[in-house]
Amino acid sequence: PAAEKPAAAPAQPAPAARPAAASATNHRVEFRLAGACWVQVIAPSGRNVIAREMQAGSNEVLEIPRGSRFTIGNADAMQLMVDGRAYAITETVRNGVARFTLQ
């Protein structure tokens with residue numbers, strides 16, 4: 001007689017989708033400006049992510065690597081949102097310039 005085929009193993013549910021790798025290594029940062037600001041963000045690798053003046057009234061969203069260093073001139077004119085939440089930069093401001101690292 002013909003050999004019987006073994007019964008197929010029951011299908012296993014697919015593993016839950018994991019967030020994209022970018023979300024594990026990057027922050028979604030939104031810059032909201034009430035006045036002109038000079039912004040420099042340096043990635044942990046030393047690469048400039050952004051280094052320019054941003055104009056009043058502009059909003060910009062960027063993927064910023066974790067561990068990046070920020071320098072923001074005229075910091076009082078900027079509101080920063082990180083991963084959808086307000087990020088208080090006022091504690092890092094000295095003489096109108098905010099300096100901090102975003103972990």
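**Exercise 1.** Which residues form one aromatic cluster?

*Solution.* The model under study is a predicted one.

Step 1. Three aromatic pairs are present in the structure. In one of them, the ring centres of Phe31 and Phe70 are 6.4 Å apart and the planes meet at 35°, so this pair is tilted.

Step 2. Phe31 belongs to strand 1 and Phe70 to strand 5 (residues 68-73), so their pairing ties together parts that are 39 residues apart in sequence. Both Phe31 and Phe70 are buried.

Step 3. Another tilted pair is made by Tyr87 and Phe100, with 5.3 Å centre to centre and 35° between the planes. Because Tyr87 lies in strand 7 (residues 85-87) and Phe100 in strand 9 (residues 97-102), this pair ties together parts that are 13 residues apart in sequence.

Step 4. The cluster is therefore formed by Phe31, Phe70, Tyr87 and Phe100.

**Exercise 2.** Determine whether Tyr87 and Phe100 are buried, partly exposed or exposed.

*Solution.* Buried means under 20% relative accessible area, and exposed means over 50%. Tyr87 has a value of 29%, so Tyr87 is partly exposed. Phe100 has a value of 8%, so Phe100 is buried.

**Exercise 3.** Describe the surroundings of His27.

*Solution.* 

Step 1. His27 is placed in strand 1 (residues 26-33). With a relative accessible area of 6%, His27 is buried.

Step 2. Leaving aside residues up to four places away in sequence, His27 touches several residues, including Leu62, Ile64, Val82 and Gln103.

Step 3. A polar atom of the His27 side chain lies 2.6 Å from the backbone oxygen of Gln103.

Methods: Residues numbered from 1 in each chain as written. Predicted model: local features only at pLDDT ≥ 70, side-chain atom pairs only at ≥ 80, totals over all residues. Heavy atoms only, no water. Helix = DSSP H or I, 4+ residues; strand = E, 2+ residues; numbered from the N terminus. Buried < 20%, exposed > 50% of the residue type's maximum accessible area, 1.4 Å probe, protein only. Polar contact = N/O pair within 3.5 Å; in protein donor to acceptor, adjacent residues only side chain to side chain. Contact = heavy atoms within 4.5 Å. Phe/Tyr/Trp six-rings, centres within 6.5 Å; stacked < 30°, edge-to-face > 60°.
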